[in-house]
Amino acid sequence: MLSNESDSKPEKIVYQKISDDFDLSFKVYHDLMARRVSEILLVSSAYDAFIMEEDGRLAERIIHEYRGLNLTRPPRVTWVPDTKHAFVELARKRFDLILTMPRLDDLDPYLFGKEIKQKYHNLPVFLLTHGGSAVVEPAGNDSTIDRRFVWTGNTDLLLALIKNVEDCMNAPFDTRRARVRVIIVVEDSPHYSSSLLPMLYKEVVTQTNAVIEESLNEEHRILRMRARPKIILAQSFEQAVRNYNKYKPYLLSIFSDVRFPKAGVVDAHAGFKLLSAVKEQMPNVPLLMLSAEEENRDMAAKIPAEFLNKNSPNLLSEIRTFLQEHLGFGPFIFQEEDGTEIGRAYNTHEMEIMLPAISDESIWYHAVRHHFSRWLMARSEIQLAAKLRAADAGDFSGPGAIKQYLIDCIRERKKGRQRGVVTDFIREKFDPDMDFLKIGKGSLGGKARGLAFISTLLKNTSSLRNKFPGIVISVPKSLVISTESFDAFMNLNGFKASEICEKGDTAIRKMYLAAELPERLMLDLRRYLADVRYPIAVRSSSLLEDAQYQARAGIYMTYMTPNNDPDIDVRLRRLADAIKLVYGSTYMESAVTFSRSTHQRTEEEKMGVVIQKLTGVRYGDLFFPALSGVAQSYNFYPISYMKPEEGIVHVAAGLGRTVVEGGTAMRFSPGHPQFLPHLSSVDDILKHSQRLLYALDMKHSGNWPASGNEDTLLRLEIDDPRVAGVYPLRLLCSTYDPNDHRIRDGAAGRGYKVLTFASILKYNMFPLAEVVSEILEMGRKGMGGPVEIEYAVNLFEDPARPAEFDLLQVRPMVLNQKNMMVEITDDDIREAVCFSTNALGNGIATDIADIVTVDPKTFDPSQTIKIAQEIDTINKEMIHEGRKYLLIGPGRWGSADRWLGVPVAWNNISNVGAIIEASLPALKANPSQGSHFFNNITSLGISYITISETSDDFIDWDRIMSWPSEKKTRFLWRIRCKQPMVIKVDGKQSKSVILENGS
């Protein structure tokens, strides 16, 4: 520690040790620069105030300067004409800084300062003198005025004074909290301080702004500005030593005059003594000597320190050069020991690329001098700089180990910095390793908002990573096209929502495929595809999608593309077409009908687009994940000792279309993964196990069809030779032995393969139930209620390669459990035409008198597509008549698999008031709560009643079919009761009854 010769008790500083868990993450920026100069009191004559105002208001000029430098919260200036009014204002409110001028009629400025210090001893008082004015400082008044400056009409000085006060206020905390660097400036001359300080601040801010171009977004960039180096001004040798001892661990540089007071007397060599002592203790710290006397250049060389002449006409550019070449504000210049330059890196991305080719000698040269940490700190890379600063070159086996450590640290920091942050897409700076990018300034849309939120939760939840160290849990790399591009697309092509809504789906697809995307968006997409060659999914993200109370799940379109054509123009055209078709789905029949059902204007809807890396592995010409599915925090159909709050998981092999469209998939409670009551026998397993999986066709090279994804997705039997032998199916399948009528775990040996997922649910080879439970709970806490997630899992045969669990979507579940108490009595059950113990919703409906039911006697599972068409016709009639109806039918409503139920879409049944899923001998299927169709029904508050064969549930078909029918079709009956039915649903007990004619 440098000795402070005039202080009897040198200040003792305790340095905080950097620990492994010390928090230097992005959120640290929020804590910096917490104390600000908010209120300034200007005490001067009216004439001086007028001169300072010049031709514009002083406050406005300060605000303009702040905005120009991207600095926030500009201070407010209050002017008073004399000291009497000054004390009135000081008594009235708190001020952070007092500026006073020499001409005060009622009191000398030094006497005024003395009175201020007596009453407000911590309030800084600065005296601004005019260029030629001479103010005699009374003896013994060295503490009444904190600083003297020369006012020449330059507003930059006021900005510099304010920032310098703020730096002094915040430096003690900010240095300890975030290792913020400090520049100590030693200058006692008011004249030189008044020119040097504004120059230095402007250049430091400008240079800091220039080197944080790698910021993820505008908010990130502004917050990182808070970590710019602090400038601490000293006016004597003692002050300089005190500040040096206080901020030594964080010292970036010292800028020092040569001649200034030491021990109360001006010492012609004080600067030389100070810098020499610092150089001896900290040989790698860059030092700058400033002097108006050119002969001091030789003195600086002896230290050694850089030298600049204060009277140089190029002083500003020379200071800029010093900041760039010595303090890390410019490019990182790789050089050998003899000074030979071998390369330049302008940002961390370039450094990561260049490091492998840099010689060991150069790496060692820079490492022992802490050049890497200094350069990174100038870029406000606080966490990475602190980590490198704490490492000593001698701790490594050699330069090669240092080089690899640098590369690993940069990559780790880049991933950690981007995780959970929405990064602005900048074409010239696009990095394909970035996790979550956004094009445009508009909204992300609902789906992208959910992904961004869950990505943030994953970043901040270290317990999840610690609990499953062998699994990479993440959100797939995503590029979001904000709603701003949708607006630009609509305007460019002259589309009006009100007109497009009236056209049919086929016409809309044709119109949108023929339309043009904005040129700027096309340029961004071309740059994106230049580095992205993996399969992608193009997904909708409308403003209202995945909202808190209306999920709109599956209403809009998703397209998948291999993205592997060697011609980038082909890939760009396919991507652009997919985006246009997603845009078009905003106004297609299902979306318009849903909006009308929720009393929302389709014209107000805007569409964002998520371009997401498709989760999966390539197997020959096919691409698919091992597992995919849907999981929910709340189980609407708990059985036995299952609890609703334990949730439910649906899982299938291959792409997730199997689950979200209501196909055959495995269903289990994550709290009891081995309890599968619906698969209690061999016959049940053979009948209800998954037989088909979806995979992306990597050979496909055609154009998008008008109908959707059918040309890029293949639907394959699990025993298809193209998939039967791949690792995931070998892992997930069991083998049926017809001779013993038994199913044996594992796919080894001959026999009929059955997807039982035993290796996961029974033997826990991948802890799917545990991972899903943790994520559902994390999502529930984050969103304040039950959530639903869509996920996909990659499993690898190589045990050294970690499994990958990707979160594809998260949205809040809509339970619609009203507070109304509904009582279902034993008399109700005895008199009911229908009773269920698996009902969703809550309330009593007395306004439905119509029933549309599938004829149970003539039902044929092979005719479900035609049944859906007949329902659509009757639904339009009911809309025209303004009548709600009860829909009754077998199997899963809305399933894309016509053998599991009637494949209606929402627009086919948009006027429905309540739905019953019944079982018939010809069709028995498990409940459909994992499908998009089911989620939309529940989000609209439509009662959904399931009649199960394994409980006390019943439906009196004979009684219903005896009621007079309004209309009969080939497959349907339309029945109208004389009086509306009474439909009771007790949401708390999941029970429901339907009573005839109000009885």
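Which residue in E18 does Phe-436 stand opposite? I looked this up in the model, which is predicted. Phe-436 faces Ser-478 there.

Entry: I then followed the two strands. E16 covers residues 436-439 and E18 covers residues 478-481. The two run parallel, and I found four bridges joining them.

**Entry: the sheet.** E16 and E18 belong to an open sheet of six strands. I noted the order as E15-E16-E18-E21-E19-E20, with mixed pairing. I also checked the edges: strand E15 (423-424) and strand E20 (558-561) each pair on one side only.

**Entry: helices on the sheet.** I looked up helix H17, residues 446-460. H17 lies across E16, E18, strand E19 (536-542) and strand E21 (607-613). The angle between H17 and E19 is about 110 degrees. Helix H22, residues 519-531, also packs on the sheet and touches E16, E18, E19 and E21. The direction of H22 makes about 175 degrees with that of E18.

**Entry: helix H14.** Next I went to residues 371-378. Eight of the eight residues of H14 are buried, so this helix is largely enclosed by the rest of the structure. Among them are His-371, Arg-374 and Trp-375. Phe-372 and Leu-376 are on the buried list too.

**Entry: cysteines.** I searched the whole structure for disulfides and got zero. Is Cys-409 buried or exposed? Cys-409 has a relative accessible area of 4%, so I recorded this residue as buried, the cut-off being under 20%. Cys-168 has 33%, so I put this residue down as partly exposed.

Technical notes. Residues are numbered from 1 along each chain as its sequence is written. This is a predicted model: local features need pLDDT of at least 70, side-chain atom pairs count only at pLDDT 80 or more; totals for chains, interfaces and linings use all residues. Side-chain values use heavy atoms; hydrogens and water are left out. A disulfide is a pair of cysteine sulfur atoms within 2.5 Å. Buried means under 20% relative accessible area, exposed over 50%, partly exposed in between (1.4 Å probe, protein chains only). Two strands pair if DSSP finds at least two bridges between them. Contact means heavy atoms within 4.5 Å. Axes are lines fitted to C-alpha atoms, for helices over the stretch in contact, and angles run from 0 to 180 degrees between N-to-C directions.
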